[in-house]
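Here is a short report on one structure. Keep the sequence beside you as you read.

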Amino acid sequence: MATELQESRPRSTPTSSIQLKYSKDRKVGEGTYAVVYLGVQISTKRKIAIKEIKTGLFKDGLDMSAIREVKYLQELKHPNVIELIDVFSTSNNLNLVLEFLPCDLEVLIKDTSIVFKSADIKSWLLMTLRGVHHCHRNFILHRDLKPNNLLLAPDGQLKIADFGLARSLGNPNEDLSSNVVTRWYRAPELLFGAKHYTGAVDIWSVGIIFAELMLRTPYLPGKDDIDQLDVTFRALGTPTEQIWPNVSNLPQYNALRVYPPPSRQELRNRFSAATEKALDLLISMTQLDPSRRCDSTSALLHDYFLEAPRATNPNELPQKREKKKPSNEDDGTIKRRKL
Amino acid sequence: MVILEDDRSQDMCPICKTDKYLSPNMNFLVNPECYHRICESCVDRIFSLGPAPCPYQNCGKILRKNKFKQQIFDDLAIEREIDIRKKVGAIYNKTEEDFEDLKEYNKYLETIEEIIFKLNNGEDREKTEAELYKYEQEHKLEILEKNIRESQKNADAHKYKEAMERLKQEKLKVEKQHELEDLEYQKQQQQELLDVLASSNSTASAQEIIKKQRANASKRATLRKEQLQQINSQLENQFNPIYQQKLLEQQLAASKVPFTPFQGDRDLHKQYSLLPIPTEIDKLMDIEHHISDSYNDPYLNKLAKSKEYLGAGWRLTTVYERALDEAFIGLGCIIDQEKRPQKVDAV
């Protein structure tokens with residue numbers, strides 16, 4: 001538990017010395033509230049990404065997600081969480097210096113020329129769960145886990161990024177917004193408008209990502225929020241008071257159509273390459289009732305990670321194919337990140 | 001056993017009298033029960049509805065359709081012996097590696113031959129058959145195991161054969177490519193030689209030029225040979241099962257490092273222990289009566305009973321755990337041991 005205190009990073013550095021510390025080489029992407037530059041940390045020659053947040057645009061000061069990102073990334077240091085190297089401000093801007101990560105998991109999932117071995121999937125899931133575990137033991141919910149936000153370092157390490165929606169669990173009576181997490185990865189309690197959810201929402205997202213890694217296509221692609229409910233329950237059964245006590249007390253609960261829960265054989269057919277242990281883990285991560293869903297600790301201790309084949313070493317994992325112009329490709333992947 | 005003498009009857013089904021001459025597509029089948037030849041359409045007609053007696057006069061053996069097969073040998077005596085061999089071989093399926101020495105293996109083969117002879121020549125046939133059946137029952141597991149082992153071996157051999165085949169093809173491909181390249185190179189060289197000879201005017205230098213050209217060519221040839229060898233050895237490594245075995249061993253060695261789910265980064269020894277707090281829903285609904293010897297916070301108790309909170313997965317324990325974790329979070333750190341000064345703040 002002590003890791004978060006192991007190193008306190010400089011909160012901000014005076015502007016004059018900034019030019020000496022980092023170089024801003026070229027712009028690689030622009031979003032509504034930030035511009036991303038590629039740069040180098042002068043002292044170590046390490047590649048970095050500088051996220052410059054536009055401040056003038058907002059009347060109420062800084063954008064909320066920028067504050068969140070700084071607030072939580074400063075507290076987390078873990079091999080599977082993106083590193084916030086520095087924060088500084090120039091004239092009117094706030095700049096976040098982040099680790100440079102050239103690829104994300106979504107790119108790999110979509111590249112059909114890459115074959116995923118079951119050991120590769122295990123390795124990515126393991127690294128994701130380790131990162132999530134670190135967030136959760138520091139009482140931080142990520143709330144936007146999806147393949148697009150799981151970035152891959154050149155050495156194969158997977159790092160959780162984009163803490164723009166993250167928050168710490170507040171007072172017990174405080175309401176949380178249920179309008180979080182990208183729709184396809186949104187847990188059923190969020191779809192029902194729950195305001196007092198737990199880390200289980202992140203575990204659900206990881207479970208859906210696990211399924212997506214095996215299927216190579218989104219598992220529950222809802223067209224809109226209502227359709228998402230339908231798609232989710234068609235795949236996993238409609239929750240009832242029996243399997244999820246008190247579900248009907250959630251604000252936006254409606255039973256819609258009642259689908260039966262899938263039998264194990266049905267799931268076996270759906271994930272034909274999955275072993276029985278993999279299915280066990282998937283089932284326990286995608287329990288409809290959040291109190292029955294496993295937490296990150298028990299997921300990491302699951303037998304799935306112990307059975308053969310062993311998780312691939314990160315540096316042996318499949319990587320994005322180099323194309324003729326690698327520089328152009330870098331642009332593409334960085335732009336994909338939410339700015 | 002009926003052996004038909006003349007050729008005409010050989011081509012005619014004795015049941016339906018269909019002639020091979022008139023319907024050239026007809027096939028004859030025999031059943032190992034009595035080895036009477038019957039044409040395919042008769043088999044279909046008579047035995048489709050289940051077991052029936054052999055249509056030959058004075059035979060009367062009950063035959064089943066699935067046992068009918070095409071006759072391979074003209075001589076039915078041989079056909080019959082082979083069937084018996086197959087049948088006995090499936091039961092007595094040990095191979096030489098199962099015996100300690102050759103003598104015992106030979107003894108085993110001798111018993112097999114004896115059984116086959118007895119079955120084939122009708123000498124104590126029923127008794128031998130009964131013995132065979134008894135042996136099968138007694139050694140059922142052994143036979144099955146042996147079967148599995150054999151089939152695995154065959155599969156391995158098959159894989160090896162396939163890999164070798166692929167290797168051969170790859171080698172051929174490379175050789176062909178080289179040949180083509182060489183041909184082109186030769187042509188080019190010749191052209192160059194002609195050009196040089198045409199442009200130079202002294203006759204003495206002509207021979208020198210040709211010599212140079214030849215030296216060049218031979219140099220290239222040796223280089224080529226080396227290249228080819230290298231490629232071949234590379235390919236062999238790629239396909240050689242022994243090489244792949246090595247790879248596998250390497251992987252195994254790597255897996256001897258124990259797996260740590262948390263990479264050693266996990267707090268197993270909490271600084272506190274939590275007093276018992278109910279987690280079951282029906283106990284939570286009546287929480288005041290279940291925490292008499294535990295921490296009592298009326299405000300949180302009220303939240304713990306809220307159905308909306310319960311439905312969203314919210315539990316009282318997590319609140320207490322968090323409060324205690326945060327209270328004790330700095331206690332494991334010894335600042336002197338850390339390199340940089342710590343900034344201790346509550347989350």
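This is a predicted model: local features need pLDDT of at least 70, side-chain atom pairs count only at pLDDT 80 or more; totals for chains, interfaces and linings use all residues.

Residues are numbered from 1 along each chain as written, while chains are lettered from A and ligands numbered from 1 in written order.

Chain A holds an open sheet of 3 strands, ordered β6-β8-β9, with antiparallel pairing (pairing needs at least two DSSP bridges; strands are DSSP E runs of at least two residues, helices H or I runs of at least four, numbered from the N terminus). β6(A) and β9(A) are the edges, each with a single partner strand, so one side of each has no neighbour in the sheet. Antiparallel β6(A) and β8(A) are joined by 2 bridges. A:Cys103 has A:Leu152 of β8(A) as its bridge partner.

| Element of chain A | Residues |
|---|---|
| β6(A) | 103-104 |
| β8(A) | 150-152 |
| β9(A) | 158-160 |
| α4(A) | 118-137 |
| α6(A) | 200-215 |

Helix α4(A) lies across β8(A) and β9(A), at about 35 degrees to β9(A). Contact means C-beta atoms, placed from the backbone, within 7 Å. Axes are lines fitted to C-alpha atoms, for helices over the stretch in contact, with angles from 0 to 180 degrees between N-to-C directions.

The axes of α4(A) and α6(A) come within 10 Å and cross at roughly 165 degrees. That makes the two helices roughly antiparallel (over 145 degrees). The contact includes A:Trp124 of α4(A) and A:Phe210 of α6(A).

Chain B has 12 helices and 5 strands. Among its contacts between residues at least 6 apart in sequence, 46% join residues at least 24 apart.

Definitions and conventions. Two residues are in contact if their C-beta atoms, placed from the backbone, lie within 7 Å. Angles under 35 degrees count as roughly parallel, over 145 as roughly antiparallel, 65 to 115 as roughly perpendicular and the rest as oblique.
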